[in-house]
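Work through the exercises below with the sequence and the model open. Each task is followed by a solution in steps.

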Amino acid sequence: MTDMKPSVFAAAAPFVLSVPSFSTAMQLPKPDETSVNLKPWLECWESKLIGFHLPDVNPVLTKYAPTLLKDDSSADCSGARVFVPLCGKTVDMAYLTSVAGEVVGVEGIQIALEEFAEEQPDLQIVRAQDKNDGFTRFVGKKITLLKGDFFELTTEHTDGTFDVIYDRASMVAIQPALLSDYVDIMGRLLAKGGKILLVVWDRRGTAEAVKKGPPFSVPEATVRELYEGLDWVESVTVLEQSDTLTEEAKELDIFQGLDQLVETVYHIHAKA
């Protein structure tokens with residue numbers, strides 16, 4: 001993990017990192033994490049196989065957040081609500097609390113949220129009172145973390161819609177057959193005129209290598225097929241593309257057979 005590009009590690013199969021034990025006050029009974037969708041991720045977190053986790057704020061976020069968070073009619077972004085799907089324990093959330101009004105993350109694996117809370121003491125994250133709605137809540141300064149099934153998420157769980165959705169390493173973690181359902185949820189959570197900063201990878205190489213995942217391949221044609229034409233989408237814009245596959249990364253099983261791993265950053269704008 002020394003000289004590889006951060007994007008490659010963020011993409012490397014299942015998302016996780018090692019951490020000290022969490023405070024007793026936060027140790028809770030965990031809702032079922034042994035489902036078909038969650039069990040592989042639980043095993044990754046428990047085994048500390050979190051190559052995708054970046055120790056620093058993602059450069060893509062710091063580059064585009066100042067513009068993305070601003071309301072179309074204002075230069076002020078301090079009131080923006082930001083949603084981070086499948087958030088893990090990304091430090092990007094801590095950064096977002098410093099530039100936005102409120103951050104809400106959702107994650108299926110409780111270990112990830114416990115580690116984030118422990119590693120970000122300034123956010124003063126504590127467990128909130130249960131609402132018996134299928135989600136466990138951890139609340140801190142300008143941040144709420146929801147532990148539960150992403151595909152059960154509604155605006156009732158999140159207390160409303162969001163001005164911005166920051167989707168990095170989330171869409172590529174979803175089984176391809178579930179992507180339409182995933183995008184439907186994004187549409188329900190995004191406010192009118194809202195924006196999505198989407199970061200995905202396009203696996204290019206042998207047919208077998210392209211089908212591997214996670215991270216699953218989400219080429220531009222797939223992004224446009226899923227988002228363009230929806231009645232709530234105004235535009236889908238490519239902001240930048242770069243090949244993040246190094247010679248060292250090609251030796252990892254998840255990337256063997258690839259010639260390129262193209263990271264593409266999109267701005268998806270909802271109709272006002």
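**Exercise 1.** How many nonpolar, polar and charged residues are in the lining of the largest cavity?

*Solution.* This is a predicted model, in which local features need pLDDT of at least 70 and side-chain atom pairs count only at pLDDT 80 or more, while totals for chains, interfaces and linings use all residues. Residues are numbered from 1 along each chain as its sequence is written, and side-chain values use heavy atoms, without hydrogens and water.

Step 1. The structure holds 1 cavity of 30 Å³ or more. A cavity is a set of points on a 1 Å grid over the protein atoms alone where a 1.4 Å probe fits but cannot get out; lining residues have an atom within 4 Å of a point.

Step 2. The lining consists of L61, A65, L68, L69, V82, L96, V164, I165, Y166 and L197. Helix 3 (59–68) and strand 6 (162–168) are the elements that give two or more residues to it; helices (H or I, at least four residues) and strands (E, at least two) are DSSP runs, numbered from the N terminus.

Step 3. Sorted by class, the lining has 10 nonpolar, no polar and no charged residues. Ala, Val, Leu, Ile, Met, Phe, Trp, Tyr, Cys and Pro count as nonpolar, Asp, Glu, Lys and Arg as charged, and the others, Gly among them, as polar.

**Exercise 2.** Find the bridge partners of I165 and L197.

*Solution.* Step 1. I165 has I196 of strand 7 as its bridge partner. Strands 6 and 7 pair (at least two DSSP bridges) in the parallel sense, over 6 bridges.

Step 2. L197 is bridged to H267 in strand 9. Strand 7 and strand 9 (residues 258–270) run antiparallel, joined by 11 bridges.

Methods
On a 1 Å grid over the protein atoms alone, a cavity is a set of points where a 1.4 Å probe fits but cannot get out, and a pocket is an open set with protein on both sides within 12 Å along at least five of seven lines; lining residues have an atom within 4 Å of a point. Grid points are joined across faces, edges and corners, and a volume is the space filled by probe spheres set on the points.
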